[in-house]
Protein chains: 2
Amino acid sequence: MDRGDHTKQLILDTAVAMFHERGYDATTMRAVATEAGVAVGNAYHYFSGKDELVQAFYGRIQDEHRARAAAVLRETTDLTARLRGVLHAGVDLMAPHHGFASTFARTAIDPASPSSPFSAQSTASADAAVGLFRDVVEGSSTTVPRTLAPELPHLLWLAYLGVTLFWVYDGSPGQARTRALIDSSVPLIVRLLRLARLPAVRSVVADLVGVVRGVRV
Amino acid sequence: MDRGDHTKQLILDTAVAMFHERGYDATTMRAVATEAGVAVGNAYHYFSGKDELVQAFYGRIQDEHRARAAAVLRETTDLTARLRGVLHAGVDLMAPHHGFASTFARTAIDPASPSSPFSAQSTASADAAVGLFRDVVEGSSTTVPRTLAPELPHLLWLAYLGVTLFWVYDGSPGQARTRALIDSSVPLIVRLLRLARLPAVRSVVADLVGVVRGVRV
DNA sequence: CCCGGAACTTGAACACGTTCAACTGGGGGG
DNA sequence: CCCCCCAGTTGAACGTGTTCAAGTTCCGGG
């Protein structure tokens, strides 16, 4: 633990508090530095830019999500409940921060940004996320068709990203529509998995797996 | 035609040229104004900000896409060919601008931005796009299941947005992977439409339609 | 011919994110 | 005990997007 770690946390906490109070754009680096009692240049000693403050904050949420998801997975082996629980846990955690969610989406969408889910810098956290959905599936009482099994965790991760994107756009009170989306689409996904066993559907699923495999980097 | 329309076009043309030469960030409003032979304030008289230059440029591409798509639809009634043709036309048009595509994605992803596909300002162009996919389906020789028909154009538009997002991330030469994605997923979509008639699949489709209807604004 | 106003044009000024050369202080080697 | 080193810290300075009060040009009506 270096000398400056306390300062770093202080700056981050101050920034997050101000993001909530005023929003991202209205929070200036000067104001964050002043409020935290440091010089503006010092903030840049710990964070390479304003974006990185948001990234660091999102990193905290991801850690917390993994922890809460693990708790959910300990409770049940029902696939629907597991998937639903993990997705809801994510939405629960992000809910207080919906106000500046669009800011994070804006930087995350840029393929060149380190905070993009598909960037080299995010490989570790992306792998962790895919691993989480692997746990969701493998620890469940539902057996997944062989052809689909290897791709399913990655597919569910993409679905989670999609839900997150929907959440960003969701202006309904308490993001109720995102909750509704999860509650209606999770059972649907599980039903689709059962359907994938039908002979008539199988070859389509095989092709679908091929497409998804092609999308992977 | 107002007095200043020529100036407006000149500024936009200059900006687009400079975006290609130097990229978005390295193109300053001062440089655009100087190069176009106007004062910086004048550029702001015609465009409310740097974003709007990109938006205006994208508007041009959308118009061109509609025109080329119409040409494709005149040629064939085969649904696969129609859908494939319309998607490829879009990728063809955007191809020369892949370099600063991420810039556009960055502003378009913000729900508060006028250039977001889901914003109030984009309603007209979104309706036009959904209408385009309605033409794709209705002018084809394939008959679509009744339950699915009302939602299909909107669904295909969302798929198109997805393809566009994939294209933004596609670093392969000539965005070949996006082409491959289109070529493999379009026949898959058409097969899924046929599959939707199976009694065992029907109720799932009904639920799927319900989810999609819930996603709509 | 003149005048009023609207469209158009100007560039200095502002606040911002970011950089960087200079400074400080405390801990470890001589 | 001293000195040196470097992580930690400073704030002025740079270039940016954007604003705005002030000018200029142009057209239509009196």
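This is a predicted model: local features need pLDDT of at least 70, side-chain atom pairs count only at pLDDT 80 or more; totals for chains, interfaces and linings use all residues.
**Exercise 1. Relating the two copies**

Task: Determine what rotation and shift superpose chain B on chain A, and which residue of chain B has its C-alpha nearest the axis.

Solution. 
- Step 1. Superpose chain B on chain A: the rotation is 180 degrees, the shift along the axis is 0.0 Å, and the RMSD is 0.1 Å.
- Step 2. The two copies are therefore related as by a two-fold rotation axis.
- Step 3. Look along chain B for the C-alpha nearest the axis; it belongs to Arg106(B), at 2.6 Å.
- Step 4. Compare the contact residues: 100% of those of chain B recur in chain A, so the same surface serves both copies.

**Exercise 2. Fold and core**

Task: Describe the make-up of chain A and name the residues with the most contacts inside the largest nonpolar core.

Solution. 
- Step 1. List the elements: chain A has 10 helices and 0 strands.
- Step 2. Take the extent of chain A. Its C-alpha atoms fill a box of roughly 65 × 35 × 30 Å along the principal axes.
- Step 3. Check burial: 25% of the 217 residues of chain A count as buried.
- Step 4. Turn to the largest nonpolar core, which has 69 residues; Leu87(A), Val136(A), Ile11(B) and Leu87(B) have the most contacts inside it.
- Step 5. Follow Leu87(A) beyond its neighbours within four places in sequence: it is in contact with Tyr160(A), Val163(A), Ile182(A) and Val186(A).

**Exercise 3. The surface near DNA strand C**

Task: Identify which residues come nearest DNA strand C and which helix supplies the largest share of the surface near it.

Solution. 
- Step 1. Of the 18 residues around DNA strand C, the nearest are Thr28(A), Gly41(A), Gly49(A), Gly4(B) and Gly41(B).
- Step 2. Assign helices: α2 (29–36) and α3 (40–46) of chain A and α3 (40–46) of chain B each supply at least two residues of this surface.
- Step 3. The largest share, 4 residues, comes from α3(B).
- Step 4. By class, the surface near DNA strand C has 6 nonpolar, 8 polar and 4 charged residues.

How values were computed: Residues are numbered from 1 along each chain as its sequence is written. Chains are lettered from A and ligands numbered from 1 in the order in which they are written. A residue is near a molecule or strand if its C-beta atom, placed from the backbone, lies within 6 Å of it. Ala, Val, Leu, Ile, Met, Phe, Trp, Tyr, Cys and Pro count as nonpolar, Asp, Glu, Lys and Arg as charged, and the others, Gly among them, as polar. A nonpolar core is a set of buried Ala, Val, Leu, Ile, Met, Phe, Trp, Tyr and Cys residues joined through C-beta atoms within 7 Å. A residue is buried if 20 or more other C-beta atoms lie within 10 Å of its own, exposed if 12 or fewer, and partly exposed in between; C-beta atoms are placed from the backbone. Two residues are in contact if their C-beta atoms, placed from the backbone, lie within 7 Å. Copies are superposed by least squares on the C-alpha atoms of residues with pLDDT of at least 70 in both.
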